[in-house]
Amino acid sequence: MEKKITIAIDGFSSCGKSTMAKDLARELGYIYVDTGAMYRCVTLFAMRGGMFDSDGEVAAAELKLAMDEGKVIVSFTLNATTGRPDACLNGEVVENEIRSMEVSSRVSKVAALSFVRTAMVAQQQAMGKDKGIVMDGRDIGTTVFPDAELKIYVTASAEVRAQRRYDELKAKGMPADYDDILKNVQERDYIDSHREVSPLRKADDAIELDNSNMTIPEQKAWLMEKYREALVLVQK
């Protein structure tokens with residue numbers, strides 16, 4: 001029987017990490033966890049609770065109290081149509097809501113809060129304790145699973161990522177402005193890379209993938225090759 005491993009995929013926003021990780025997990029029969037969706041769910045909870053002021057700052061004490069009281073439960077449910085997991089906030093499927101620009105423009109501030117990261121990282125580590133998991137985010141290879149057998153660090157130019165996000169929103173029939181999206185991508189890059197708790201950075205043993213000019217099939221073939229190489233190493 002083939003040994004199962006942990007696959008950590010980190011990188012900048014809108015690099016296609018989630019699509020990549022979902023497809024890889026499905027192909028391998030692994031569990032997939034979109035950690036970015038978890039932080040987006042917490043952000044949506046804070047938005048619904050009126051916890052952001054006019055400057056976009058979050059009421060951290062109020063959010064912490066709600067989380068300490070168990071009022072923010074993030075989970076995933078399998079979408080029978082897509083065959084992929086949808087994010088749920090307190091049992092409600094919120095997959096589309098958390099992909100809005102309103103959530104995108106606020107999520108980095110929420111994800112930078114130490115108590116939010118501590119809670120989410122604990123959940124993520126519990127999900128991955130039995131291996132056979134593909135997880136993507138900002139700090140999977142550095143903080144959540146530093147011992148992951150395969151670590152991928154994904155990057156692409158801000159312009160390419162903004163265009164992808166624009167196309168994705170338009171395809172869903174959601175409002176989108178390219179310049180606003182590009183600004184959001186650049187702001188999120190800065191916040192994610194400069195936050196005090198678990199900043200986005202490439203793990204020393206991660207393999208970098210710049211997918212700016214790659215097709216989806218090329219990316220899939222590259223990932224499968226890296227997976228097979230990692231598997232050979234753990235089975236020695």
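Start with the open sheet of 5 strands, which runs in the order β2-β6-β1-β7-β8 with parallel pairing. Strands here are DSSP runs of E, at least two residues long, numbered from the N terminus, and two of them pair if DSSP finds at least two bridges between them. At the edges stand β2 (31–34) and β8 (207–210); each has a single partner strand, so one side of each is left without a neighbour in the sheet. From one strand to the next, the twist averages 20°.

Keep in mind that this is a predicted model, where local features need pLDDT of at least 70, side-chain atom pairs count only at pLDDT 80 or more, and totals for chains, interfaces and linings use all residues. Residues are numbered from 1 along each chain as its sequence is written, and side-chain values use heavy atoms, with hydrogens and water left out.

Now zoom in on β1 (residues 6–11) and β6 (residues 133–137), which pair in the parallel sense over 5 bridges. Asp-10 sits opposite Gly-137 in β6.

There's also an open sheet of 3 strands, ordered β3-β4-β5, and its pairing is antiparallel. Its edge strands, β3 (74–78) and β5 (92–93), each pair on one side only. β4 (residues 85–89) joins β5 in the antiparallel sense over 2 bridges, and Leu-89 stands opposite Glu-92 in β5.

Next comes helix α2 (residues 35–48), which lies across β2 and β6 at about 40° to β2. Helices are DSSP runs of H or I with at least four residues; angles run from 0 to 180 degrees between N-to-C directions, using lines fitted to C-alpha atoms, for helices over the stretch in contact, with contact meaning heavy atoms within 4.5 Å. α2 also lies across β3, β4 and β5, running at about 35° to β4.
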